[in-house]
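Here's a quick briefing to read alongside the structure. Have it open while you go through the points.

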Amino acid sequence: MQVCSMCKQEAELQSSHAIPDAFFRKILKKQSGKYIVVPGGGNSPIHYSSDSWDTHQLCSPCEIHLNKNYETYAIKLLRGSACKVVKHIHGVTFSGVESHILVGFFISIFWRAANSEHPNYSKVIIPEPWNTEFRELLLAKNNIPLRLATIRLSRLIDRTKNDGFTLDSLKNIVMTPFFRKGVSHKYSFCFVFEGFFIEIFIPGLSLAKRKLPGVLNNKIKIIFVPFLDIFDVPEIVEVLVEGYSKFVDGDVTFKN
Ligand SMILES: [Zn+2]
């Protein structure tokens, strides 16, 4: 018998996703079951894939726990159907948001990615004791303290307009997560899916930086998500240089 990564009980493990299968399924449906992988660096060529980066990781009750308590709500929210969404010149405002669920959702992706054996998540690492702390908080459905991890959310756009990417094509990018090394031993881990750029700082940002636009807080009901031009994200620019022509055709998964 294998052991569930979350509850540590012996169980038959399920095929578990870190980045939800729903986001892959949407892309795969449009692209007849395949998407394009643009690997950044290394020698592997641009290729097609239908992999949704799942591994045997969690038992069935833990899968259901994460899906029911975080994923279902967050997917609806990010797709604009669980709240009021207003677009401005500098970003998008989501009102009536259960922020603590959204924070838990992103942390559950982060935690599953860090504990996944899938090679596409190899750059996501959570050292101890934080790894155990996240596991216990998620399992008990407790709020994630901002001092432990702070999440900054942005909506990707392409300001070049002509020949650029529409919101629809940006929503079809799933990028292999990567990390950034910040000052004073802080790290951040970056995820791209459903047209969002999600940066998770660990340990969490200082009080002053938590006031920056797009930073999530467990209590707020209104979230302002600033626009972020894809050409202002160096890690995206790097892979675009390699895969631009393939990318504009449609749906792409980046590997950096
Ligand atoms: Zn379990």
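How are the donor residues of the zinc ion spaced in sequence? The pattern is C-x2-C-x51-C-x2-C. Keep in mind that this is a predicted model, where local features need pLDDT of at least 70, side-chain atom pairs count only at pLDDT 80 or more, and totals for chains, interfaces and linings use all residues. Residues are numbered from 1 along each chain as its sequence is written, and side-chain values use heavy atoms, with hydrogens and water left out.

**Zinc site**
- The zinc ion's protein donors are the SG atoms of Cys4, Cys7, Cys59 and Cys62, 2.2 to 2.3 Å away (donors are N, O and S atoms within 2.8 Å of the metal, or 3.2 Å for Na, K and Ca).
- The 4 donor atoms subtend angles of 105 to 114 degrees, which makes the arrangement tetrahedral (four donors, all angles between 85 and 135 degrees).
- Cys59 and Cys62 are both buried (under 20% relative accessible area, 1.4 Å probe, protein chains only).

**Helix H2**
- H2 covers residues 60-78 (helices are DSSP runs of H or I, at least four residues, numbered from the N terminus).
- H2 has a kink of about 45 degrees centred on Asn67 (the angle between axes fitted to the seven residues ending there and the seven starting there).
- Buried residues in H2 include Cys62, His65 and Tyr70.
- Gly80 follows H2 and has a positive phi, near 80 degrees.

**Nonpolar core**
- The largest nonpolar core has 63 residues, and Ile19, Phe110 and Phe191 are among those with the most contacts inside it (buried Ala, Val, Leu, Ile, Met, Phe, Trp, Tyr and Cys joined through side-chain atoms within 4.5 Å).
- Helix H3 (residues 99-114) gives the most to this core, with 11 residues.

How values were computed:
Tetrahedral: all angles 85-135°; square planar, octahedral: opposite > 155°, others 65-115°. Buried < 20%, exposed > 50% of the residue type's maximum accessible area, 1.4 Å probe, protein only. Helix = DSSP H or I, 4+ residues; strand = E, 2+ residues; numbered from the N terminus. Expected span 1.5 Å × (residues − 1).
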